[in-house]
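Have a look at the sequence and the fold below. We'll go through a sheet first, and then the helices that go with it.

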Amino acid sequence: MDKHIYEGRYTTENSRDVVVFLIGMRINKRLAINKWLPVFTAMPGMIRELYENQEELGFLSMENYFGLRTTVMITYWRSKEDLLAYSRGQKHLAAWKNFNRKIGDTDAVGIYHETYVVPQGHYEAIYGNMPVYGLAKASGHMPVTGEIRSAKKRLQTDVK
């Protein structure tokens, strides 16, 4: 996360469609390191690929969270077509095949993902005294003005 704190209230543009993709894993059996560690270590290479080829892949940004058993990566994409194309790409397919070969149906580790396709104007965000974060990192960070002070106004306005 960026270290610079932007004092005051900020929001993000909502003038384009966005795809939010959550992906994560849950360690169900902590001692089964040989089962969950390969899942955990597959992500850094894909994250590097996404940032190195953002424009080409349609990848906008991401945030990570790590809990005691569960992780989640929140990613933002330009379109569902871009996300689906990445899922069929070489690095992701190799990781998926490796997962199925090594982990298969074992209950030692769980995986999940959720995909949300959000049309322009149907999302809003507020960031108070925060670094550039989340959707603002993906779609643009801007100060809140009087015209868009409330969530209701931000949802009714195509912010430019």
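Phe59 stands opposite Trp77 in E4. Further along, Asn64 has Met73 of E4 as its bridge partner. This is a predicted model, where local features need pLDDT of at least 70, side-chain atom pairs count only at pLDDT 80 or more, and totals for chains, interfaces and linings use all residues. Residues are numbered from 1 along each chain as its sequence is written, and side-chain values use heavy atoms, with hydrogens and water left out.

E3 and E4 run antiparallel and are joined by seven bridges, with a hairpin of three residues linking E3 to E4. (Strands are DSSP runs of E, at least two residues, and helices are runs of H or I, at least four, numbered from the N terminus; two strands pair if DSSP finds at least two bridges between them.) The open sheet has four strands in the order E3-E4-E2-E5, with antiparallel pairing. Its edge strands, E3 and E5, each pair on one side only.

Here are the elements with their residues:

| Element | Residues |
|---|---|
| Strand E2 | 18–27 |
| Strand E3 | 59–66 |
| Strand E4 | 70–77 |
| Strand E5 | 109–118 |
| Helix H1 | 33–52 |
| Helix H4 | 90–102 |

Now for the helices. H1 and H4 pack at about 180 degrees, with their axes 10 Å apart (axes are lines fitted to C-alpha atoms, for helices over the stretch in contact, and angles run from 0 to 180 degrees between N-to-C directions). That makes H1 roughly antiparallel to H4, a label for angles over 145 degrees.

How values were computed: Contact means heavy atoms within 4.5 Å. Angles under 35 degrees count as roughly parallel, over 145 as roughly antiparallel, 65 to 115 as roughly perpendicular and the rest as oblique.
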